Amino acid sequence: MSALKHVLALALVMVASSGWASAQDVPYQRILNADKTPQDWLTYGGDYQSHRFSGLTQINKSNVAKLRPVWIFQRSQLNGEFFEATPVVADGLMYIVEPPSTVTALDARTGMKIWSWSPKMPKDVKYIGLHANNRGVAILDDMVYVGTLDCHLAALDAKTGALRWIVEVEKNSDNHAISGNPLAIDGKIIMGTGGGDRDARGLLDAYDAKTGKRLWRVWTVPNKGEEGADTWGDAVPNGGDVWNGGSYDPELNLLYYGTGNPSPAFGGQTRPGDNLNTCSLLAIDANTGQIKWHFQFTPHDIHDWDATQIPVLIDSTVGGKPRKLVAMANRNGFYYVLDRVTGEFIAGAPYISQNWAKGLDEKGRPILLPSYYPAATGTLTNPSTSGANNWTAPSYDPENKLFYESARELSAVFTPTGSNFQSGDDAYGAIRALDSLTGKQKWQFRMLAPGWVSTLATAGGLVFSGDDEGDFFALNADTGKLLWSFPLSGLDPRDSPVTYSVGGKQYVVISSINIYAAFGLP
Amino acid sequence: MRLVLAIFTATAILAGLIAVPASAAGGPQGRARELSTGKELFESSCSSCHGLDGSGGLGPNIQHMPATLGDEATAKIIKGGVPGTGMPAFAGFTDAQISQIVAHLRTLGDAAMGVVSTGDPDKGKAVYDANSCASCHMVNGVGGNLGPDLTTIGSLRPSDFIRLEIQNPGGNLPKSPVTGIAVGKWTEYLIFRAVTKDGQVIEGMREGESTLEIVLEDSKGNYHSLHKADLQSLEKEPGKSFMPSQSSLSSVDLNNLAAYLGSLKAAP
């Protein structure tokens with residue numbers, strides 16, 4: 001009790017100095033205009049468009065070489081899982097998720113823990129095909145929202161961590177689990193589930209943000225007899241789970257979410273056909289849950305190439321006309337640009353040295369090479385099961401119109417029933433800057449190994465990311481030249497750096513295995 | 001090199017399957033069916049973490065799990081998972097399916113163990129000492145550390161494979177046992193030739209590498225911590241090894257040495 005009093009007393013003092021008084025008030029309008037408040041990081045992707053682009057310029061090309069660590073937050077409980085959450089930052093408070101589903105609020109200036117909330121987690125919780133970790137929270141008004149590993153959605157008081165409501169999204173005993181982030185829009189919380197590798201049927205839900213009442217549900221794959229069921233042969237459609245984050249266009253009132261692979265992942269003989277709507281991008285009416293259009297990247301996937309990468313909403317000009325676009329650097333190795341009003345395919349190109357398709361036809365469908373179907377003795381295919389990209393997010397700079405992607409050049413030997421990764425010495429990774437309208441590479445920064453770190457672009461002319469050995473670095477956004485790096489170390493960190501500012505000082509924060517580390521100028 | 005390893009593994013797996021006793025599970029055909037189902041289940045549900053041959057990936061090497069823990073304990077782990085790790089409970093499998101997976105795992109273990117060498121381990125120990133193997137290799141904490149620690153080499157490699165390695169060091173460099181989901185296994189003891197911008201040549205085994213840095217250990221045991229940006233070239237030298245070839249040993253000594261090393265096993 002005395003410890004609690006101490007924390008409360010501390011909090012009151014801090015409120016006076018850093019403005020936490022408004023930490024419990026993040027209305028929809030504020031998220032809608034996230035670019036007007038670059039001191040905060042209000043959603044998973046930084047804004048509804050998932051640009052992961054910050055307008056902050058205090059840290060820039062001219063001074064980033066002086067960046068140094070400011071604070072490090074370490075986990076007290078180690079359970080073999082890693083930090084993967086994108087921090088959400090509002091008014092000097094940072095919300096992270098400790099694996100599997102513990103929400104923790106930190107003082108964004110010092111890394112000091114303010115409160116934590118943990119759900120009661122069943123011992124036999126199932127999370128097949130996923131890790132027991134979490135990609136982050138959503139914030140809206142005075143609440144933060146988190147999906148839990150055992151497939152619940154919880155709403156917490158943003159200031160105190162007290163539980164406001166918790167609902168079951170779907171039965172964990174049916175292999176549904178959550179590691180992805182919720183998305184908060186006007187009065188609604190959007191949440192999907194994972195587990196499609198073990199026959200969980202893909203879904204996306206909307207909940208009333210105040211009460212937790214479910215407003216709609218959309219299934220990503222049809223029931224027998226429904227439209228699209230004829231793309232499954234005699235199989236019961238399964239998989240297509242929505243296990244990663246999505247984007248939102250408030251004007252069109254459309255949500256954009258990618259779907260996972262069909263189940264079973266490999267072989268595919270039991271499910272002849274395209275297997276709609278797996279490995280697809282869905283545009284979903286935010287009021288009704290109705291699918292407005294779908295675009296399938298990998299029809300009849302047999303390589304575990306979920307299409308759950310982050311869709312990035314881009315407003316640009318194509319052929320002299322302004323267009324509303326959505327871009328995705330897909331796990332299958334191709335970069336796609338679609339019209340986000342209609343789903344029409346506009347452009348696409350490989351962003352890794354893939355070897356399974358000759359290219360894309362005029363509708364964006366891959367033109368398969370015979371090697372798409374693995375031989376019984378094994379076929380070396382790029383990308384591997386883990387993909388040209390997996391769940392980490394790209395960033396988009398609306399000023400220079402470049403799309404920054406952590407690309408994975410890693411093959412695997414596929415058989416009809418599984419796969420085995422290529423030797424590490426034959427693989428590599430790269431941060432690649434792509435022309436956002438064509439996917440054509442402008443520059444790359446080559447890394448020793450395929451990475452698992454999102455990119456972050458800033459108006460300071462920088463792209464932050466990291467490599468698989470734990471180096472956190474800043475690149476010149478125009479050239480890809482390395483300007484600064486810091487060895488955080490650790491095997492296979494899976495991170496998403498963000499930036500924010502408190503009291504006029506800009507910070508860049510990244511996680512690595514069991515820590516969050518914040519950097520700033522001296 | 002990877003191809004050679006793959007062929008070796010495939011041959012060994014075939015040998016392991018053929019060696020399965022015909023009396024088990026209703027005769028050879030029934031047994032083959034069981035194993036085939038076990039293989040399919042393993043490859044579809046286990047291999048993404050443990051590798052197609054069970055030698056490890058995101059999860060550990062489990063080729064020898066049935067041999068060291070027993071079938072029942074292995075089945076229990078599959079059914080119940082390992083709390084606090086990435087190993088989930090496969091509660092959806094029937095007991096029959098789990099025993100099929102365990103049976104398949106045993107064939108992987110048999111394949112990895114290979115044929116037992118015919119040499120005399122005690123005489124092999126004398127060959128080991130006479131040839132100063134301990135100047136670079138460690139056994140139970142005694143010896144040098146330039147080469148691999150051999151304390152449990154008999155559990156990791158069959159004697160025949162060890163004999164080949166002694167004659168042709170560097171021919172089949174091991175892959176690191178610790179891997180992530182991101183990358184396949186890295187080649188260990190790989191020799192690099194680095195040339196600095198001022199022309200200094202450093203040849204050494206990779207002890208550590210990142211995007212920006214590399215640490216090499218030369219043949220005298222000196223470490224070189226190098227910024228890649230300071231190098232004019234950095235090349236891998238696959239097939240090369242600091243270990244001198246022992247092809248001058250008589251075939252009897254070679255057999256005995258391989259038998260000795262093959263007898264060095266992990267504590268049960």
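Mentor: Helices (H or I, at least four residues) and strands (E, at least two) are DSSP runs, numbered from the N terminus. The model is predicted, with local features requiring pLDDT of at least 70 and side-chain atom pairs pLDDT 80 or more, while totals for chains, interfaces and linings use all residues. Residues are numbered from 1 along each chain as its sequence is written, and chains are lettered from A and ligands numbered from 1 in the order in which they are written.

Trainee: How many strands are there in chain A?

Mentor: The C-alpha trace of chain A spans about 65 × 50 × 45 Å along its principal axes. Within chain A there are two helices, and the strands number 38.

Trainee: What percentage of chain A counts as buried?

Mentor: A residue is buried if 20 or more other C-beta atoms, placed from the backbone, lie within 10 Å of its own. Of the 522 residues of chain A, the share that counts as buried is 59%.

Trainee: How many residues has the largest nonpolar core?

Mentor: Such a core joins buried Ala, Val, Leu, Ile, Met, Phe, Trp, Tyr and Cys residues through C-beta atoms within 7 Å. A:Tyr95, A:Val137 and A:Ala327 are among the residues with the most contacts inside the largest core, whose residue count is 140.

How values were computed: A residue is buried if 20 or more other C-beta atoms lie within 10 Å of its own, exposed if 12 or fewer, and partly exposed in between; C-beta atoms are placed from the backbone.
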